[in-house]
Amino acid sequence: MSDANPKPSAEPIVKAEYDSPWKKMLGLLFPQAVQLCFPAIAADIDWAKGFEFLDKEFEQIVRLAETGDRHVDKLAKVWRLGGGEQWVLLHVEVQAQWEADLDRRLFDYYSRIFQRFNRSVATVVIYADANPRWQPTVYENELWGCKVRLEFPTVKLLDLAADEEALLNHPNPFAIVVLAQVEAVKHAKDETRKFAWKKRLAQLGYQRHYERDLIVDLYNFVDWVILLAEPLAVRFDGEHTAFEKEQHMEYVTHIERRSIEKGRQEGRQEGRQEGRQEGRVESLQEAVLDVLETRFTELPYSLRESVLAIQDRDALKRLHRLALQVPDINTFTHQTKV
């Protein structure tokens, strides 16, 4: 495994609840995200043919991430310009914090996607974290002359937004998403700077006369990512309401904003509960596999994937008991039909 990007010891990683808004914006502005972050790749895609997200398929072929990981994945079927394969796969990951084995996980995802679809795959990473020194770009492993290596294109949002004014004037609406993320992590403890940037970015969609739905979605992303302390949050609401009235575009009313805030709080609470539940499921999955590996050493790939796909806790408990009792792996497979 490559260790060219070790974890820095001096700088803390800024953490925030970015998964839900990032997943939504990446879904809404997928072509724009690729065009802004990976222009060479975007230029080779025939966007006129459309694209298709393979969310359900992706969930089936990759293991659920551990509770607390800050990444968002999208797997899309796209068509290339100039012929060749009828369609290929683009796996885009947004990574919002340091992860020790990110390169190994991406290699695992790449391998599973290729096995599942038997199509060319490109994995790319958008680094949305606050650390300018962390940006893995390769995974490699070697044993006795047998070597594997995966290089994956990456973009660091801190670098992409180095010229803030240039990005602010960029016509691509995904630039607003990038700037909101960057300003949130750069000025995490500077409420005055965050307020100024939040106000500026929240108004930009109105000023550019985007469609109403896009304006609201961009506003919601900015509002969610750039968090303000209560006094400034109230002030922001008041000033944005006044701005909307001036523009004759009262798209996000004061009541709606309070509803958004309530929904955000409830969503975070539900997310924490779901995270704890997923953690228990994952522990049970691990327990089943640990017993099987301890008793029978090697497991068929299909069996491992089947166990990891089970989300029912009672079913996993039954499998765990069975794993302790069966005489061999074939009996376990036969009795469980996994």
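Lys-199 is partly exposed, at a relative accessible area of 31%; on this scale, buried is under 20%, exposed is over 50% and partly exposed falls in between, using a 1.4 Å probe and protein chains only. The model is a predicted one, so local features need pLDDT of at least 70 and side-chain atom pairs count only at pLDDT 80 or more, while totals for chains, interfaces and linings use all residues. Residues are numbered from 1 along each chain as its sequence is written, and side-chain values use heavy atoms, with hydrogens and water left out.

Lys-199 has a salt-bridge partner in Glu-239, with the closest N and O atoms 2.7 Å apart; the term covers a side-chain nitrogen of Lys or Arg within 4 Å of a carboxyl oxygen of Asp or Glu. Lys-199 sits in helix H9 and Glu-239 in helix H11, so the pair ties together distant parts of the chain, 40 residues apart. Helices here are DSSP runs of H or I with at least four residues, numbered from the N terminus. Glu-239 is partly exposed too, at 25% relative accessibility.

The axes of H9 (residues 191–207) and H11 (residues 230–247) come within 11 Å and cross at roughly 25 degrees. Axes are lines fitted to C-alpha atoms over the stretch in contact, and angles between N-to-C directions run from 0 to 180 degrees. H9 and H11 are therefore roughly parallel, a label for angles under 35 degrees. Residues making the contact (heavy atoms within 4.5 Å) include Phe-195, Lys-199 and Tyr-206 of H9 and Leu-232, Phe-236 and Glu-239 of H11. By type, the contact residues split into six nonpolar, four polar and six charged; Ala, Val, Leu, Ile, Met, Phe, Trp, Tyr, Cys and Pro count as nonpolar, Asp, Glu, Lys and Arg as charged, and the others, Gly among them, as polar.

Salt bridges turn up elsewhere as well, with 17 found across the whole structure. Glu-191 is partly exposed at 25%, whereas Lys-194 is buried at 7%.

Helix H5 (residues 102–117) holds Arg-112 and Asp-108 four residues apart, again about one helical turn, and their side chains meet in a salt bridge at 3.1 Å, N to O. Arg-112 is buried at 9%, while Asp-108 is partly exposed at 22%.

How values were computed: Helices (H or I, at least four residues) and strands (E, at least two) are DSSP runs, numbered from the N terminus. Angles under 35 degrees count as roughly parallel, over 145 as roughly antiparallel, 65 to 115 as roughly perpendicular and the rest as oblique.
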